[in-house]
Amino acid sequence: MSASGASRIAYDVFALADIQQEKYQALADRVNERMTQFKCERSPHLQNFARTSVRKYEAHGHSRTYVMITAADDTIDVAGFFTVGMTALNFSQASATARKKLMGDISREQTGAYSIAELARSDDFSSKQLPGSTILDEAKEVIKRARNYVAGRFLVVDARPEVFERLYRPAGFRQIDVATPPRDMQDVEFITACAVIKDW
């Protein structure tokens, strides 16, 4: 759809849960349509999540998905999305030094944490049009707002090593463990990384 050399797109971020009201029906219908056609060939897991699983996770309250909507001709398109939720962060495999840096003066092997469960850009848009760092920044903003109400120290992601190096390490995340890959990507290595939210 979009030329790879194009400039950055303008977008708005909406929580899927917020647009499922009757007054937003036309917008919700278009977003749902675009999500069922979401293209992310780099990650079959992310593509499948957008197309078939996102509504189930929303309905059961396991996570909240936010879509990045941009103008496309006379309608809109979903250029990217991210999903946030909660998880448990286990420090038992982290070194004593890493644990001290992350936990400070509170010594615990496990704690609650925010999680970016999914983060994706549509193949219809280039990294120049919508950088991964921009999607990550939007996710961080949502989590910072949640932290104002319920506290929380950490943000956790599971990512392939190359994605960690390109996207998450420059944003202040530290690798703390090896992660279990998604069911449909068992042959791919994943790591768990976390960031201290107050450091943003």
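In the predicted model, Asn32, Met35 and Thr36 of helix 1 are in contact with Ala50, Arg51, Val54 and Arg55 of helix 2. By residue class, this contact between helix 1 and helix 2 comprises three nonpolar, two polar and two charged residues. Two packed helices are described by the angle between their axes and by the distance separating those axes. For helix 1, which covers residues 25–36, and helix 2, which covers residues 44–60, the angle is about 130° and the axes lie 7 Å apart. Helix 1 is therefore oblique to helix 2.

Side chains of opposite charge can pair when their charged atoms come close. Nine salt bridges are found in the structure, and one of them joins the side chains of Asp77 and Arg34, with a distance of 2.6 Å from N to O. This pair connects distant parts of the chain, since Asp77 belongs to strand 3 whereas Arg34 belongs to helix 1, and the two are 43 residues apart.

Rolling a probe the size of a water molecule over the atoms shows where empty space is left. Two or more lining residues are contributed by each of strand 2 (63–72), strand 3 (75–90), strand 4 (110–121) and helix 4 (132–150). When the lining of the second largest pocket is divided by class, seven residues are nonpolar, five are polar and one is charged.

Notes. Residues are numbered from 1 along each chain as its sequence is written. This is a predicted model: local features need pLDDT of at least 70, side-chain atom pairs count only at pLDDT 80 or more; totals for chains, interfaces and linings use all residues. Side-chain values use heavy atoms; hydrogens and water are left out. Axes are lines fitted to C-alpha atoms, for helices over the stretch in contact, and angles run from 0 to 180 degrees between N-to-C directions. Helices (H or I, at least four residues) and strands (E, at least two) are DSSP runs, numbered from the N terminus. Angles under 35 degrees count as roughly parallel, over 145 as roughly antiparallel, 65 to 115 as roughly perpendicular and the rest as oblique. Contact means heavy atoms within 4.5 Å. Ala, Val, Leu, Ile, Met, Phe, Trp, Tyr, Cys and Pro count as nonpolar, Asp, Glu, Lys and Arg as charged, and the others, Gly among them, as polar. A salt bridge is a side-chain nitrogen of Lys or Arg within 4 Å of a carboxyl oxygen of Asp or Glu.
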